[in-house]
Amino acid sequence: MGTECPSLPAGWRKEEVTRKSGLSAGKTDVYYYSPSGKKFRSRPQLSRYLGNSVDLRCFDFRSGKMAPAGKHKTRPRPHETLARGGRGDLNTSLPIRQTASIFKQPVTKVIGHPGNKVKSDLQREAEPPRQLFWEKRLKGLRSLDVTEEVLKCMELPKGLQSLSPHSVGEGDEVLLAAIAAALHSSSSPVTGQAASSGVEKNPGVWISTSQPPCRAFTITQEHIREQEEVVFRTRRRLEEALLADGLACRDPHLS
């Protein structure tokens, strides 16, 4: 079984086996056998088995011979370099400029340019795409009270003019749904579509999905005061109704 290897201790044998099939047919594999018959497939296996008894740093595993000292140098592997205290690929020091100079000129490391600004569409990154005129799907839906009577639709101010092509003959239902969705789902101010002739000519192309489909409008202090008065009157009526209901519950004869 194989031939005796003179570079290893007595009794060690070397065997070369030729591959007969597969893509690597014709290539040879080298194996070594110890005097006890144990098989070794690589030089690291030999090194672990022989230990310090035989110096295998210059041993050529394929030929079975010792290379002359100084001619066969093994390049340390990255993990071996790190184990010995070397830096390996973890060196973060700046490289030295490779120019003809008597002084070392380190390369300046630039990680950012203050004058450069990355352009990005924040609307596309923050919000997913929306379907145009999705409010059309709510057409015909009505809210009912406990007696199953249809509740009256809220009336919008006259200054709000719809740009939706489906709003003709539908009242303020579509626009009301769009404004309510914008107030509850967006943190940006609701101002309507920008004043542009393109939006009115072709709303399906130029309309902005982040704003309700209505002409641009402005909320003034007068509008705010009017709404505050409406809220105040509504709260007073609610307070009077609750007070009357409380008295009726205490004294049933008052009802």
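The model is predicted: local features need pLDDT of at least 70, side-chain atom pairs count only at pLDDT 80 or more, and totals for chains, interfaces and linings use all residues. Residues are numbered from 1 along each chain as its sequence is written, and side-chain values use heavy atoms, with hydrogens and water left out.

## Overall make-up

The protein chain has seven helices and six strands. Helices (H or I, at least four residues) and strands (E, at least two) are DSSP runs, numbered from the N terminus. Read from the N terminus, the order is β-β-β-β-α-β-β-α-α-α-α-α-α.

The protein chain has 255 residues, and 18% of them are buried. Buried means under 20% relative accessible area, exposed means over 50%, and partly exposed lies in between (1.4 Å probe, protein chains only). The accessible surface comes to about 20900 Å², and carbon and sulfur atoms hold 54% of that area. Such areas come from the Shrake-Rupley method with a 1.4 Å probe; for residues, only the protein chains shown count as cover.

Contact means heavy atoms within 4.5 Å. Of the contacts in the protein chain with a separation of 6 or more, 38% join residues 24 or more positions apart.

## The sheet

Four strands make an open, antiparallel sheet, in the order β1-β2-β3-β4. Its edge strands are β1 (3–4) and β4 (39–40), each of which pairs on one side only. Two strands count as paired if DSSP finds at least two bridges between them. Strands of a sheet pair through backbone hydrogen bonds, either parallel or antiparallel.

β2 (residues 13–18) and β3 (residues 28–33) pair over six bridges, in the antiparallel sense. Within this pairing, glutamate 16 has valine 30 of β3 as its bridge partner.

## Salt bridges

How many salt bridges does a search of the whole structure find? The count is three. A salt bridge is a side-chain nitrogen of Lys or Arg within 4 Å of a carboxyl oxygen of Asp or Glu.

| Lysine 14 | Glutamate 16 | 3.1 Å |

Take the aspartate 29 pair. Arginine 19 is partly exposed, at 34% relative accessible area. Beyond its neighbours within four places in sequence, aspartate 29 contacts Glu15, Glu16, Val17 and Arg19.

Arginine 57 is exposed at 61%, and aspartate 55 is partly exposed at 44%.

## Two loop residues

Alanine 25 sits in the loop between β2 and β3. Alanine 25 is partly exposed, with a relative accessible area of 43%. Not counting residues up to four places away in sequence, alanine 25 touches Arg19 and Lys20.

Serine 34 belongs to the loop between β3 and β4. Is serine 34 buried or exposed? At 5% relative accessibility, serine 34 is buried. Its contacts, leaving aside neighbours within four places in sequence, are Gly11, Trp12, Phe40 and Tyr49.

## Nonpolar cores

A nonpolar core is a set of buried Ala, Val, Leu, Ile, Met, Phe, Trp, Tyr and Cys residues joined through side-chain atoms within 4.5 Å. In soluble globular proteins, nonpolar side chains tend to be buried together.

The largest core here has twelve residues, among them Leu8, Trp12, Val30, Phe40, Leu50 and Leu56. β3 and α1 (43–50) each supply at least two residues of this core. Leucine 50 is in contact with Leu8, Trp12 and Leu56, leaving aside its neighbours within four places in sequence. Another core lies apart from this one; it has eight residues, including Leu160, Val190, Cys214 and Phe217.
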